[in-house]
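Biologist: Please take one part of this model and go through it closely. I would like to see how that part sits in the chain as a whole.

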Amino acid sequence: MNKREANVISLEGKIAMVTGSASGIGRGIAKVLSEAGATIYAVDYDFKLLLDLKKSFEERGKEIRVLHYDLSSRGEVQKLWDEIKNAEPDILVNNVGLYQFRDFLEVDEEFLDRAIDVNLKSCFWMCQFMIKRNIERGRGGTIVNISSVEAVLPFIEGLTHYTASKAGVIAVTRALAKEYARKGFRVNAILPGGIVTPGTKNIAKKALMKFDISILKSGRRFWDRLPSRTLGKPEDIGKVVLALVSDLFSYVHGAVIPVDGGFLSA
């Protein structure tokens, strides 16, 4: 990489807020953006994991601010943005998500509301505050929303609630890209596929221990469809986020980009 290319993807002097960043995909995204020079605002409800993330950043000499919030309610989102008033981010990555299995016929109102609140409404409210605050400051910004391949190709059983919420994330992304591009905002979405995280490892372990046939069969069918025959790492999502928020992708608006090892194309 030459000096000119490095400058194009440099995030020096930028603040990037990543939700759900204490572990998994969010942690990978935060790491990649920090390596590009961004100061990270790490938002998560798990305070212990946030402190672990902070320690790992400080050991590498990277700037980070940890923010302990549960973004499933607008009230908590409001408190978050009040805390960072006058130091709002240039970049927002809405990654927080709830990935739980439940048979469609067993989903009750409380379970569905929780999935929608965490996966969709948190994204909606975070985008609203980001755009409003930055307009008030006379500037634009860059937003990347993390959806899922399940949003466009429902594949694994027991995730109808998840699929619906993540499809909503795509709709919000495209609508905001259309409405706010002229005000200086770029809004795009990523569709992660099979990414190895502590959460997905735990699901696989529980499925094996309980001998959950439906999850095991879904996992096998997913693998058989995967052209690359490899699973991704959180940093693989982080690299695409970096491209989207850098000047490399300055003319990309409302895009929905799969990062899935070719799963959707198979």
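Modeller: The model is a predicted one.

S6 has a partner in strand S5, residues 141–146. The two pair in the parallel sense, with 6 bridges between them. Within S6, isoleucine 190 has isoleucine 146 opposite.

Now the setting. The protein chain contains 9 helices and 7 strands. Of its 266 residues, 46% count as buried. A compact globule with 266 residues would have a radius of gyration near 18 Å, and the protein chain agrees because its own value is 18 Å. Along the principal axes, the C-alpha atoms fill a box of roughly 55 × 45 × 40 Å. Among contacts in the protein chain with a separation of 6 or more, 75% are between residues 24 or more positions apart.

A residue elsewhere in the chain gives a second example of burial. Tyrosine 69 lies in the loop between strand S3 (64–68) and helix H4 (74–83). Its relative accessibility is 12%, and it therefore counts as buried, the limit being under 20%. Beyond its neighbours within four places in sequence, tyrosine 69 is in contact with Val43, Asp44, Tyr45, Glu76, Lys79, Leu80 and Glu83. One of these, tyrosine 45, is 24 residues away along the chain, with a C-alpha separation of 4.9 Å from tyrosine 69.

For contrast, take serine 265, in the segment after strand S7 (256–259). Its relative accessibility is 66%, so serine 265 counts as exposed, a label that applies over 50%. Serine 265 is 164 residues from phenylalanine 101 in sequence, and their C-alpha atoms are 25 Å apart.

Last, the surface and the charges. The accessible surface of the protein chain is about 13,500 Å², and carbon and sulfur atoms make up 53% of that area. There are 38 positive and 32 negative side chains, and the centres of the two sets are 4 Å apart.

Conventions:
Residues numbered from 1 in each chain as written. Predicted model: local features only at pLDDT ≥ 70, side-chain atom pairs only at ≥ 80, totals over all residues. Heavy atoms only, no water. Helix = DSSP H or I, 4+ residues; strand = E, 2+ residues; numbered from the N terminus. Rg over C-alpha atoms; globule rule 2.2 N^0.38 Å. Buried < 20%, exposed > 50% of the residue type's maximum accessible area, 1.4 Å probe, protein only. Contact = heavy atoms within 4.5 Å. Areas by Shrake-Rupley, 256 points an atom, 1.4 Å probe, with all protein chains shown as cover. Lys, Arg positive; Asp, Glu negative; His and termini not counted. Charge placed at Lys NZ, Arg CZ, Asp CG, Glu CD. Pairing = 2+ DSSP bridges.
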